[in-house]
Amino acid sequence: MADCSKRKKLCYCLLLCFLVAGITGGAIGIYKWYRSGLNRWHGLGSTADFQKIIQERCDNYPQQIWSYSRSRNCQEIKQAFMSAFISKDPCKATKEDYRRLIDLADPTVPCNKIVLWSKTKELAREYAKPRGLVTLEDTLLGSLADDLHWCGEPGSPDLNTWSCPDWKKDCRTNYLTVFWEVLSKRFAESACGTVQVVLDGSLENAFNEMSIFGRVEAPNLKPMVTLQAWLVHDPGKPPRDSCSGSSITKLKSILSERNVRFICRDNLSRDEFLGRF
């Protein structure tokens, strides 16, 4: 009887071990399957503490810039931002998804205050700030989203912190790209008077038709606006493009079709450009 009891205990122990191993293996398998699904994209995952960051940025947004627009409700703006993409396919973003958010914080700026850029973000902002000018990243929504990444997953209330679609390798209709396209279009459409754009004269083609400036902002400037282009080259590097180059000629053609006046200055070093005024 004693031997039988020992055998039963041994059988129970073995059964328990197999059961635990099966549950553990199954859990690991499910986790790996779940993680592989979230990690299927080529872009960076959603920024950690995304909601906290946009809430803080909204709360601390400079009043002197926000005074260009309407009253601010940061909680409503954050909720509109999140509802635009949470629980949705990260590769099926539409302009309509961001309509409510844009309407809550329309990036409207007074005439003669807008500075656009292409591959010169930091330079453009360094130029704009002391002159009381405004880049897209200085508007409320631009400042909320600047340098952040975000996407969700269908049916999930959470952000995907593993990976988000890359616009070149995965899909153009991802929520990050569509956001900046919608915001940039509205920003350009609102421009009046003289609009400035800072371009990289160190590049062979300072104007790139596939950039957001090229495919969204320039084609949406209103007739009778004046676009002042600055071609600025890096210190110690000779300029590679000019106001008479083929890329700028293409830009002139796009603007001419919209009856936008064009002024261009080239052969400017960074120091010369920033010290102009």
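Let me start with C91 and C171: the two form a disulfide, with their sulfur atoms 1.9 Å apart. Before I go on, keep in mind that this is a predicted model. The torsion about that S-S bond is about -95 degrees, so the disulfide is left-handed. It links distant parts of the chain, 80 residues apart. C91 sits in the loop between α4 (74-85) and α5 (99-104), while C171 sits in the loop between β3 (163-164) and α8 (175-190). Both C91 and C171 are buried.

Next, C151 and C164. These are joined by a disulfide at 2.1 Å, S to S. Here the torsion about the S-S bond is about -85 degrees, so this disulfide is left-handed. C151 is in the loop between α7 (140-145) and β3, and C164 is in strand β3 itself, so the pair ties together parts 13 residues apart in sequence. C151 and C164 are both buried.

Then there is C243 with C264, a disulfide with 2.0 Å between the sulfur atoms. The link is left-handed, with -85 degrees about the S-S bond. C243 belongs to the loop between β5 (226-233) and α10 (246-257), and C264 to strand β6 (residues 261-269), so parts 21 residues apart in sequence are tied together. What about burial for C243? The cut-off for buried is under 20% relative accessible area. C243 has 12% relative accessibility, so it counts as buried. C264 is buried with a relative accessible area of 19%.

Finally, the whole set. A search of the whole structure finds 5 disulfides. Counting bonded cysteines along the chain, the pattern is 1-2, 3-7, 4-8, 5-6, 9-10.

How values were computed: Residues numbered from 1 in each chain as written. Predicted model: local features only at pLDDT ≥ 70, side-chain atom pairs only at ≥ 80, totals over all residues. Heavy atoms only, no water. Disulfide = S-S within 2.5 Å. Helix = DSSP H or I, 4+ residues; strand = E, 2+ residues; numbered from the N terminus. Buried < 20%, exposed > 50% of the residue type's maximum accessible area, 1.4 Å probe, protein only.
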